[in-house]
Amino acid sequence: MIAVCVIILAAAEGLYLGWVNGPVVLGCIVLSAAAAYLLGCSNGAVLVSKYALRDDVRTHGSGNAGLTNFYRSFGGPLTLLVILSDVLKMVLAAYLSVWMWRVIGADSPVLAKYWAGVWCLVGHMFPCMFRFKGGKGILSGGTLALLLDWRIALVVWGGFLLLTALTRYVSLGSLWAGASFPFISWYVYRDTRVLLPLAAACGILVVWGHRANIVRLLEGTENKFSLHKKRE
């Protein structure tokens, strides 16, 4: 299913940009999606917990392989390694995609970043080497916002930090980030043909990843963020 989606979206992008030499272009775009997905699969929370702590973050707390659950479960300076991993993989995925597209004569860095961003998020949330059980994509998605435009980063990160600080619900800030991303992307680029669907895909992935948090927020059982890790 993922492979079919890649091919369909790649073909749509090729038509949108008016490229010819279809097989070469299509192959390069599919390859950039595969590279972004595999980079996304390198889940920092899982890797650090398994190989540095000889544990598995997915067996603690909420069971999610994300930064918040890692910090709540383990705390400590190793959290910085998780942050670094989730940031770097999106940076690498985005700029590798930009480079690959330029090789085939497609100088559209913004579109290449959105394209890589979608598949890096898919890899982060559904990593093939970790039984498709990954994180929720908020840090990697936030990195994509920083790589695109300062106005996008301001809306996404500003709302996230403000809501998290006021309510102490990281999930509420994350939901804002995911929901606002397509709208601010449209405002900045005014492209409804390809960029908006890709931005919407990113936003939907983040919001969908927080579906359990939405239920807990509505029920009043969501955990609030604390600078001190929980004792088990």
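The structure is a predicted model, and its protein chain holds 11 helices and 0 strands. Read from one end of the sequence to the other, the chain therefore follows the pattern α-α-α-α-α-α-α-α-α-α-α. Of the 232 residues in the protein chain, 48% count as buried. The points below take up how some of the helices cross, where charged side chains pair, and what a few individual residues look like.

**How helices cross**

- Helix H5 covers residues 78-103, and helix H6 covers residues 109-125. The axes of H5 and H6 come within 8 Å and cross at roughly 135°. The crossing of H5 and H6 is right-handed.
- Helix H7 (138-148) and helix H9 (residues 170-189) have axes that come within 11 Å and cross at roughly 20°. Because angles under 35 degrees count as roughly parallel, H7 is described as roughly parallel to H9. H7 passes H9 in a left-handed crossing.
- Helix H8 spans residues 150-167, and its axis comes within 8 Å of the axis of H9, with a crossing angle of roughly 160°. Angles over 145 degrees count as roughly antiparallel, and H8 and H9 are therefore roughly antiparallel to each other. The crossing of H8 and H9 is right-handed.

- Ile-152 and Tyr-187 are 35 residues apart along the chain, and their C-alpha atoms are separated by 9.0 Å.

**Salt bridges**

- Side chains of opposite charge can pair when their charged atoms come close. A search of the whole structure finds 4 salt bridges, and three of them are described here, one after another.
- Asp-56 and Arg-58 meet through their side chains in a salt bridge, with 2.9 Å from N to O. Both Asp-56 and Arg-58 are buried.
- Asp-86 and Lys-89 form a salt bridge between their side chains, with 3.4 Å from N to O. Both residues lie in helix H5, where they are 3 residues apart, or about one turn of the helix. Asp-86 counts as buried because its relative accessibility is 3%, and Lys-89 is likewise buried, with a relative accessible area of 2%.
- Arg-216 forms a salt bridge with Glu-222, and their closest N and O atoms are 2.8 Å apart. Arg-216 is partly exposed, because its relative accessible area is 26%, whereas Glu-222 counts as buried at 10% relative accessibility.

- Leu-81, Leu-84, Leu-88 and Leu-92 together make a nonpolar surface patch of about 360 Å².
- Leu-81, one of the residues in this patch, has its place in helix H5. Leu-81 counts as partly exposed because its relative accessibility is 43%, a value that lies between the limits of 20% for buried and 50% for exposed.

- Most residues other than glycine have a negative phi. Which value does phi take in Arg-54? Arg-54 has a positive phi of about 55°, although it is not a glycine.
- Arg-54 is placed in the loop between helix H3 (44-51) and helix H4 (67-73). With a relative accessibility of 69%, Arg-54 counts as exposed, because that word applies to residues over 50%.
- Arg-131 is a residue other than glycine whose phi is positive as well, near 60°. The loop that holds Arg-131 runs between H6 and helix H7, and Arg-131 is exposed, with a relative accessible area of 65%.

Key. Residues are numbered from 1 along each chain as its sequence is written. This is a predicted model: local features need pLDDT of at least 70, side-chain atom pairs count only at pLDDT 80 or more; totals for chains, interfaces and linings use all residues. Side-chain values use heavy atoms; hydrogens and water are left out. Patches are made of residues with over 30% relative accessible area and no salt bridge: like charges are joined within 9 Å, nonpolar side chains (Val, Leu, Ile, Met, Phe, Trp, Tyr) within 5 Å. Accessible areas come from the Shrake-Rupley method with a 1.4 Å probe; for residues, only the protein chains shown count as cover. Helices (H or I, at least four residues) and strands (E, at least two) are DSSP runs, numbered from the N terminus. Buried means under 20% relative accessible area, exposed over 50%, partly exposed in between (1.4 Å probe, protein chains only). Axes are lines fitted to C-alpha atoms, for helices over the stretch in contact, and angles run from 0 to 180 degrees between N-to-C directions. A crossing is left-handed if the near helix is turned anticlockwise from the far one by less than a right angle, and right-handed if clockwise. Angles under 35 degrees count as roughly parallel, over 145 as roughly antiparallel, 65 to 115 as roughly perpendicular and the rest as oblique.
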